[in-house]
Amino acid sequence: MPKPLVAILLFDNVEVLDFAGPFEVFSVAAQLSNYQLLDVTTVAQTKTLVRAKNGLVVMPELTTSDLDHVDILVIPGGEGSLAIIQDSVLLQWIEQVARNAQIVFSVCSGARVLAKLGLLAGQQFTTHCSAFDNILELEPTAIPNRKVRFVDNGKIMTAAGVAAGIDLSLYVVEKYFGKEIRESVSAYMEYDNDVKA
């Protein structure tokens, strides 16, 4: 069975921990298995430097034209997510990849992208405390849940603000690979093992 591929979307003004937290969780899961469990990559529209929120500069590994299939797609948030929902080319790529992915999850205000694509229609969601109203403007039938760290709707998942992306990533690691692997990742990261929604 091929290893699952986790792709983390990067874009200008992405919130740093929204992508770096999930990257750490999934890459540690790979590292602790001697890179046998999964592959992790970053992807952006172009292979040029991405300037994240507050100035961190990151080079994506792949471009969207390099990648037409992923198993787990991570859509982080930040102010840059406002530009993403206006970018028809990138939205089309996300929609195409999401169609065949096993899991698509947003972190923080990345839920805007899911809402714009109709993936939160009639579904519970969570997001950063400042983004709920905007998401409901984009998808009025979405059902906000302001009291949880993350929501699992099956294929589509959402995490609350910033650090909650770590919690959802650990949850996905356990869902894929079991509690023992998740606990090993948490221990390595010295992060609380309790990853309830």
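The model is predicted: local features need pLDDT of at least 70, side-chain atom pairs count only at pLDDT 80 or more, and totals for chains, interfaces and linings use all residues. Residues are numbered from 1 along each chain as its sequence is written, and side-chain values use heavy atoms, with hydrogens and water left out.

**View 1. The buried face of helix H7.** Helix H7 covers residues 179–189; helices (H or I, at least four residues) and strands (E, at least two) are DSSP runs, numbered from the N terminus. Arg182, Val185, Ser186 and Met189 of H7 are buried, where buried means under 20% relative accessible area, exposed over 50% and partly exposed in between (1.4 Å probe, protein chains only). Seen down the axis of H7, these buried residues fall within an arc of 100 degrees, so they line one face of the helix; the arc is that of the directions from the helix axis to the C-beta atoms. An α-helix has 3.6 residues a turn, so residues three or four places apart point the same way. Exposed Glu180 and Ala187 are carried on the face of H7 turned away from the buried side.

View 2. Tyr35 is not a glycine, yet its phi is positive, about 65 degrees. Tyr35 sits in the loop between H1 and strand E2 (39–44) and is partly exposed, at 46% relative accessibility. Glu190 follows H7, and its phi is also a positive value in a residue other than glycine, near 50 degrees. With a relative accessible area of 74%, Glu190 is exposed.

**View 3. Arg112 in helix H4.** Arg112 belongs to helix H4 (residues 111–116) and is buried, with a relative accessible area of 10%. Not counting residues up to four places away in sequence, Arg112 touches Gly78, Ser81, Leu82, Ile85, Ala131, Asn134, Ile135 and Leu138; contact means heavy atoms within 4.5 Å. Leu82 is 30 residues from Arg112 along the chain, and their C-alpha atoms are separated by 7.6 Å.

**View 4. Ala98 in helix H3.** Helix H3 (residues 88–100) contains Ala98, which is buried at 6% relative accessibility. Its contacts, leaving aside neighbours within four places in sequence, are Val104, Leu119 and Lys155. Ala98 and Asp68 lie 30 residues apart in sequence, with 9.8 Å between their C-alpha atoms.

**View 5. Leu73 and the largest nonpolar core.** The largest nonpolar core has 65 residues; such a core is a set of buried Ala, Val, Leu, Ile, Met, Phe, Trp, Tyr and Cys residues joined through side-chain atoms within 4.5 Å. Phe26, Leu73, Trp93, Ile94, Phe105 and Leu120 touch the most other members. Beyond its neighbours within four places in sequence, Leu73 is in contact with Ala7, Trp93, Ile94, Val97, Ile103, Val104 and Phe105. In soluble globular proteins, nonpolar side chains tend to be buried together.
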